[in-house]
Amino acid sequence: MIINTGCRTDIPAYYSEWFFNRIREEYVLVRNPYREDQVLKYCLTPDVVDVICFCTKNPEPMLKQLDRISAFRQFWFVTINPYGRDIEPNVPEKSRVMSSLKSLSEKLVPRAVSWRYDPIFITEKYSTEFHIEYFRRAAAELKDYVNSCVVSFIDLYAKTKRNFPGVKEVSQTQQEELIRAFSHIGRENGILVRTCCENPEFQKYGVDVSGCMTQRVIEEATGCTLNVPRSKKPARAQCSCLLGCDIGAYNTCGHACVYCYANYDRRTVLENMRLHNPKSPLLIGGLRPGDRITPVKQESYIDSQINIFEL
């Protein structure tokens, strides 16, 4: 099975000690965000966890301890956007994040690390020209360390509109201009541009529109073949990405990005972070009276056939 860590929060940046404690104790508890008395229990051992997927804006806190998860296959997304502290207040300097991405790629392999450039929005400061020029410079610097880059345009969730007043959707004309340019720059640098839940017609510009975490993407990143049961439906109707089994929690990411869909407000995040205990099996707080713990049925999806990277 696949364990995800990055759809709800940034575990490598803020909760690496907790994560490694969970690996050491070989299990994790996850509270259902929509039914808080329901707690899922996942086993964290290589015999049933085929891949651990990370999504982070700062992998640095985990770099020196990667050997502690060397028994697991890994797939990392590292987000590097062009925005300043007006948009991403607590994200480290981009040069530092790029350096961390390079170190991560060197410790693993480039196919196991993907660059994310999202979400894209347009303002007077962050114009289409600004995005294209930044993408060009970043791609030239990262070309030897990643094979792919996922780009997407901002979605105006209710949380996003409340925390980022005045933000607008990117027009179709602007999207076409950016995708065309990004695809060309990507080809020049050997980086495949992918989109997820975007216009499928972008395929005509040479981008992969099938999604960011599909079975094929994960297989290519890890070098293994997966037999995912048909019963394991994608988490979203718009794509075939395998996003379930996330061990994070909403309202816990300290980056405070104004476009974030996973944080309700800063006050809630700070309160939750205060309740975090690195020794707890739950990311936030502990078990409560009335909690019902349900062990998740887990099985390996790995196909026993030889993978293409072993030939």
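What follows is a short briefing, grouped by topic.

Keep in mind that this is a predicted model. Its largest nonpolar core has 88 residues, its second largest pocket has a volume of about 420 Å³, and a search of the whole structure turns up 19 salt bridges.

**The nonpolar core**

- Inside the largest nonpolar core, Phe19 and Trp115 are the residues with the most contacts.
- Helix α5, residues 128–142, supplies the largest share of this core, with 6 residues.
- In soluble globular proteins, nonpolar side chains tend to be buried together.

- Two elements, β2 (27–31) and α9 (266–275), each give two or more residues to the lining.
- Of the elements, β2 gives the most, with 3 residues.
- Sorted by class, the lining holds 10 nonpolar, 7 polar and 4 charged residues.

**Helix α8 and its surroundings**

- Helix α8 covers residues 215–222, and its buried residues are Val217, Ile218, Glu219, Ala221 and Thr222.
- Those buried residues pack against β1 (2–4), β4 (51–56), β5 (73–79) and β8 (192–195).
- Threonine 214 sits in the loop between β8 and α8, and with a relative accessibility of 5% it counts as buried.
- Setting aside residues up to four places away in sequence, threonine 214 touches Ser240 and Cys241.
- Just after α8 comes glycine 223, which takes a positive phi of about 75°.

**A buried loop residue**

- Look for isoleucine 154 in the loop between β7 (148–153) and α6 (158–163).
- Is isoleucine 154 buried or exposed? At 6% relative accessibility, under the 20% cut-off, isoleucine 154 counts as buried.
- Apart from neighbours within four places in sequence, isoleucine 154 is in contact with Pro119, Ile120, Phe121, Thr160, Phe164, Val167, Lys168 and Tyr259.
- Isoleucine 154 and valine 170 are 16 residues apart in sequence, and their C-alpha atoms are 7.3 Å apart in space.

**Salt bridges**

- Side chains of opposite charge can pair when their charged atoms come close.
- Arginine 194 and glutamate 220 meet through their side chains in a salt bridge, at 3.1 Å from N to O.
- Arginine 194 is in strand β8 and glutamate 220 is in helix α8, so this pair ties together parts that are 26 residues apart in sequence.
- Arginine 194 counts as buried at 6% relative accessibility, while glutamate 220 is partly exposed, with a relative accessible area of 35%.
- Salt bridges with shared partners join Arg194, Asp208, Arg216 and Glu220 into one network.
- Another salt bridge links the side chains of arginine 116 and aspartate 118, at 3.2 Å from N to O, and both of these residues are buried.
- Arginine 24 also forms a salt bridge with glutamate 25, where the closest N and O atoms are 3.7 Å apart.
- In that pair, arginine 24 counts as exposed at 54% relative accessibility, and glutamate 25 counts as partly exposed at 33%.

Methods. Residues are numbered from 1 along each chain as its sequence is written. This is a predicted model: local features need pLDDT of at least 70, side-chain atom pairs count only at pLDDT 80 or more; totals for chains, interfaces and linings use all residues. Side-chain values use heavy atoms; hydrogens and water are left out. On a 1 Å grid over the protein atoms alone, a cavity is a set of points where a 1.4 Å probe fits but cannot get out, and a pocket is an open set with protein on both sides within 12 Å along at least five of seven lines; lining residues have an atom within 4 Å of a point. Grid points are joined across faces, edges and corners, and a volume is the space filled by probe spheres set on the points. Helices (H or I, at least four residues) and strands (E, at least two) are DSSP runs, numbered from the N terminus. Ala, Val, Leu, Ile, Met, Phe, Trp, Tyr, Cys and Pro count as nonpolar, Asp, Glu, Lys and Arg as charged, and the others, Gly among them, as polar. Buried means under 20% relative accessible area, exposed over 50%, partly exposed in between (1.4 Å probe, protein chains only). Contact means heavy atoms within 4.5 Å. A nonpolar core is a set of buried Ala, Val, Leu, Ile, Met, Phe, Trp, Tyr and Cys residues joined through side-chain atoms within 4.5 Å. A salt bridge is a side-chain nitrogen of Lys or Arg within 4 Å of a carboxyl oxygen of Asp or Glu.
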